[in-house]
Amino acid sequence: MQRISTAVRLNRSVMQFDDAAYVRLEKYLAESASLLEGDPDPQEILGDLEQAVADQCTRRLQPNQTVVTLAELEPALLEIGSVQVPGASPSAEPSTPSAPRPLQQISEAALISGVCAGLGRYFGFNVTALRVFAVLLLLLSGGGVILVYVTLMLLMPFAPLEAGSKPLRWLPGKCRTFMEYLRVKFHLATG
Amino acid sequence: MAAESKLAPIRKGLLEFLVLKTVGAKSMYVPDILRRLDGTEFSTQEGTLYPLLSKLRREDLVQYEWQESDAGPPRKYYRLTDSGRAQLTALDEYWNLINRTIAEIGH
């Protein structure tokens with residue numbers, strides 16, 4: 001007596017696989033499952049892939065053939081290809097591009113000290129619009145905004161300088177140096 | 001080829017756009033989509049397409065319905081949702097903008 005084939009349910013189809021093909025299919029589906037680790041819907045995708053295997057193998061069976069062998073399965077799997085998770089790439093991209101950004105002064109993007117650039121980034125405002133608004137306030141408030149600006153210069157930590165960026169412009173550089181000097185001198189919190 | 005390694009990520013990034021466009025033309029099941037893309041730069045495989053469609057469905061950009069087939073089990077026919085249609089329009093416009101920029105820059 002010899003076992004010839006195994007009945008396999010592939011999603012909505014039931015097919016006969018010989019032992020070698022059955023082992024190969026098991027391996028493919030196990031690999032797919034491990035590639036889909038972390039995907040929220042692995043069951044749905046695995047079900048779709050099972051159906052794809054069934055359809056592909058059915059297409060390849062000879063008219064009087066009922067048992068799937070490696071001769072049908074291998075080209076079928078080759079055509080289906082291994083699972084590619086969308087968005088995943090070897091060079092892992094930042095997983096949370098919209099991660100909350102700290103409220104910091106950004107010297108590289110600064111006109112004066114980087115307060116507006118920092119506020120803009122933190123609140124998602126257009127920096128130019130914010131600066132125009134600040135200048136308007138300056139004119140309307142008769143200078144009170146300057147006090148606000150200087151206070152924020154003292155309170156907002158400086159964002160770390162980007163590696164390899166251009167040297168700071170003169171005023172932002174001076175502001176940064178001077179503020180760091182004040183912070184050390186008066187033991188204020190530093191960024 | 002050095003250029004190829006730079007082109008591959010572009011194709012990969014655009015595949016989602018192409019799939020939305022393909023399904024946007026009419027509702028299709030996966031072999032239709034594969035056939036439509038076959039022979040283009042975006043030729044792909046079920047192993048890539050099913051995870052991508054699953055993601056697009058979670059993002060409510062596509063949805064599917066079951067349709068009986070003459071041979072074999074029922075098939076999943078994918079089509080765009082309203083928000084998928086809106087996103088496709090936005091992508092189309094952005095793509096045209098990129099194209100114009102690329103054509104104009106350096107002239």
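Contact, as the word is used here, means heavy atoms within 4.5 Å. This is a predicted model, in which local features need pLDDT of at least 70 and side-chain atom pairs count only at pLDDT 80 or more, while totals for chains, interfaces and linings use all residues. Residues are numbered from 1 along each chain as its sequence is written, chains are lettered from A and ligands numbered from 1 in the order in which they are written, and side-chain values use heavy atoms, with hydrogens and water left out.

Begin by selecting both chains: the contact between them takes 23 residues from chain A and 18 residues from chain B. Together chain A and chain B bury about 1,700 Å², of which 51% lies on carbon and sulfur atoms; buried area is the accessible area (1.4 Å probe) that two parts lose on being put together, summed over both.

Next, show the side chains of Glu44(A) and Lys76(B), which meet in a salt bridge at 3.6 Å, N to O. The term stands for a side-chain nitrogen of Lys or Arg within 4 Å of a carboxyl oxygen of Asp or Glu, and the count between chain A and chain B is 6 salt bridges.

Which elements of chain A give two or more residues to the side that touches chain B? They are helix H2 (42-60) and helix H3 (70-80) of chain A, where helices (H or I, at least four residues) and strands (E, at least two) are DSSP runs, numbered from the N terminus. The largest share of that side, 7 residues, comes from H2(A).

Now turn to the strands of chain A, where 3 strands form an open sheet in the order E1-E2-E3 with mixed pairing; two strands pair if DSSP finds at least two bridges between them. The edge strands, each pairing on one side only, are E1 (6-10) and E3 (67-68) of chain A. Strand E2 (residues 13-17) of chain A runs antiparallel to E1(A), and 5 bridges join the two. Select Leu10(A) to find its bridge partner in E2(A), Ser13(A).
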